[in-house]
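Dear colleague,

I am handing over the structure that you will find just below, and after it I set out what was found. Please read the notes with the model open beside them.

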Amino acid sequence: MSGRNGLITTAELAAILDRPSLRLFDCTTYLEPAPADSGVPYIAVPGRRTFEAGHIPGADFLDLQSEFSDSNTELRFMMPSVAQLEAAFGRHGVSAESEVVLYSIGSAMWATRFWWMLKSLGFENLAVLDGGLDNWKLEGRAVETGPAKGYPAATFIAKPKPGFFVDKHATLAASADRNTVVVNALGPQFHKGLEPSRYGRPGRVPGSCNVSAATLFDPQTKAFVSLAEAEAKFAAQGITKDKRVVAYCGGGISATVDLFLLDQLGYKNLTLYDGSMGEWAKDTSLPIETG
């Protein structure tokens, strides 16, 4: 794969768009307000409309919530069974021979979520497009419109790796472990519990630090901040390579931005609390911290 340790630039992608093994995917989802009495934090709307309005030539579209998430839980975007993922990625033409590039609109978090899922399935030949469609269009590069043409179906065989996902019990234990840092990727106002939370009780997992995913992008190009800047942000929160990291956010999406950059920086012991505040805030048996 062309690209720097799982990160590919717009110029590098443009140079390989005609490569037969390339599988290029727009991963965008939009979170729309839910009715006040619905009991759900938001309505997940696949980004198919914006995909059809303009996408990188040849790209296919991945619908995270309907195809790649567990439908047997009220929580959004939870990791489904390996069999479901094998079938879904296979439908979209991903095989061992594929070179996968992932992008999204507005924030890389939808692309990094798919990156994390694929990594957990043992698939390594993949990259996230730096700046996504925003940067691609900002540079005046070509886009095409209309529905996805897709790729020929393939056989995707997962080789699952342990340790990529943890539940609420493991997260609670991690919060008291001096060799683990629990990091919240939500904004500081939600980390401190200063604003009402759409997930339930305001606040954070006790003892967790805060590296907001939104601070890890350039606001104009949507490209990631430099690795030096990212490392400084993590170090300021006590996140060091000798410690295990458990990342969380609202629904297990923006936390993968933190995990992606930590991986870029060479951190090895990385984990995602998949349920995140969507689960934690509603479970009154779990402690919560504010301030």
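What is the order of the strands in the open sheet of five strands that includes β8? The order is β8-β12-β11-β9-β10, and the pairing is parallel; helices (H or I, at least four residues) and strands (E, at least two) are DSSP runs, numbered from the N terminus, and two strands pair if DSSP finds at least two bridges between them. At the edges lie β8 (165-166) and β10 (209-210), each of which pairs on one side only.

Before going further, please keep in mind that this is a predicted model, in which local features need pLDDT of at least 70 and side-chain atom pairs count only at pLDDT 80 or more, while totals for chains, interfaces and linings use all residues. Residues are numbered from 1 along each chain as its sequence is written, and side-chain values use heavy atoms, with hydrogens and water left out.

Within the sheet described above, strand β11 (residues 244-248) is joined to strand β12 (residues 270-273) by three bridges in the parallel sense, and V245 stands opposite L270 of β12. Two helices pack on this sheet: α5 touches β8 and β12, with its direction at about 115 degrees to that of β12, whereas α10 touches β9 (180-184), β11 and β12, with its direction at about 175 degrees to that of β12. Contact here means heavy atoms within 4.5 Å; axes are lines fitted to C-alpha atoms, for helices over the stretch in contact, and angles run from 0 to 180 degrees between N-to-C directions.

The helix α5 (residues 109-120) has twelve residues and spans 16 Å from its first C-alpha to its last, close to the 16 Å expected at 1.5 Å a residue, where the expected span is 1.5 Å times one less than the number of residues. Twelve of the twelve residues of α5 are buried, so this helix is largely enclosed by the rest of the structure; buried means under 20% relative accessible area, with a 1.4 Å probe and protein chains only. Just after α5, G122 takes a positive phi of about 85 degrees.

As for cysteines, a search of the whole structure finds zero disulfides, a disulfide being a pair of cysteine sulfur atoms within 2.5 Å. For C27, the nearest cysteine sulfur is that of C249, 16 Å away, and C27 is buried, with a relative accessible area of 0%. For C209, the nearest cysteine sulfur is again that of C249, 14 Å away, and C209 is buried as well, at 9%.

With best wishes

Notes: Buried means under 20% relative accessible area, exposed over 50%, partly exposed in between (1.4 Å probe, protein chains only).
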